[in-house]
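User: I am new to this structure and would like to go through its main features by question and answer. Please show the sequence and the structure to begin.

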Amino acid sequence: MKIFQSIIAVSVLSLTLAAAVFAGSYNKKDIVDTAVSAGNFNTLVTAVKAADLVETLKGDGPFTVFAPSDAAFEKVPGDTLNSLLADKSALANVLTYHVVAGKVSAADVVKLSEAKTVQGQNVQIEVKNGTVFIDGAQVVSADIEASNGIIHVIDTVILPKG
């Protein structure tokens, strides 16, 4: 009887561990939900919604997003931001300039001098005194994991050339 109880105990423990592992991977949030939960990307989330990019950024990916924080958007003049929010095409152009196809961790970013964005142009990557800059915007937090990619927080909204 003790052997039978031991087998049941081991089986229950195994199922519990398997359920915990599955729940952890299943509950991992996508890029949009991760940004919403963080609480410091309200303007970015509003812009993603206005540009109809929510479903794209909830897609399979993987994506690397250089995400401007709310503080970064505060640096953009109000009239410029309002005109962008009113022009879905221009807004999508700017937002997709912040996205790179694939999952590029901080360890990989520092090895690059540029990366092609989903928008089509390349962002310039520079490391100065151990700090990473994307088109002059400083990466202030890196490697925020999402189920469909990774987020690196930047301190300035970056704009495509031309």
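Analyst: Two strands pair if DSSP finds at least two bridges between them. The model discussed here is a predicted one.

User: Which residue in β7 is the bridge partner of P68?

Analyst: Strands β1 (63-68) and β7 (149-154) run parallel, and 6 bridges join them. P68 has its bridge partner in β7, namely I154.

User: Which strands are the edge strands of the sheet?

Analyst: The open sheet has 7 strands with mixed pairing, in the order β2-β1-β7-β6-β5-β4-β3. Neighbouring strands are turned by 30° against each other on average, direction ignored. An edge strand pairs on one side only, and this applies to β2 and β3.

User: Which residues of the largest nonpolar core touch the most other members?

Analyst: The largest nonpolar core has 27 residues. Elements that each supply at least two residues of this core include α3 (42-50), α7 (88-96) and β1. The members that touch the most others are F41, L44, L57, V65 and L95.

User: With which residues is L57 in contact, leaving aside its neighbours within four places in sequence?

Analyst: L57 is among the residues that touch the most other members of the largest core. Leaving aside neighbours within four places in sequence, the contacts of L57 are D30, I31, V32, V48, F63, V65, V99 and N148.

User: Which residues of α7 are buried?

Analyst: Buried means under 20% relative accessible area. The cover over the buried residues of α7 includes α3, α6 (78-86) and β2 (99-101). Those buried residues are L91, A92, V94, L95 and T96.

User: What is the relative accessible area of D143?

Analyst: D143 is a residue other than glycine with a positive phi, near 60°. Its place is in strand β6 (residues 137-146). D143 is partly exposed, and its relative accessible area is 32%.

Note on methods. Residues numbered from 1 in each chain as written. Predicted model: local features only at pLDDT ≥ 70, side-chain atom pairs only at ≥ 80, totals over all residues. Heavy atoms only, no water. Core = buried A, V, L, I, M, F, W, Y, C linked by side-chain atoms within 4.5 Å. Buried < 20%, exposed > 50% of the residue type's maximum accessible area, 1.4 Å probe, protein only. Helix = DSSP H or I, 4+ residues; strand = E, 2+ residues; numbered from the N terminus. Contact = heavy atoms within 4.5 Å. Axes fitted to C-alpha atoms, helices over the stretch in contact; angles between N-to-C directions.
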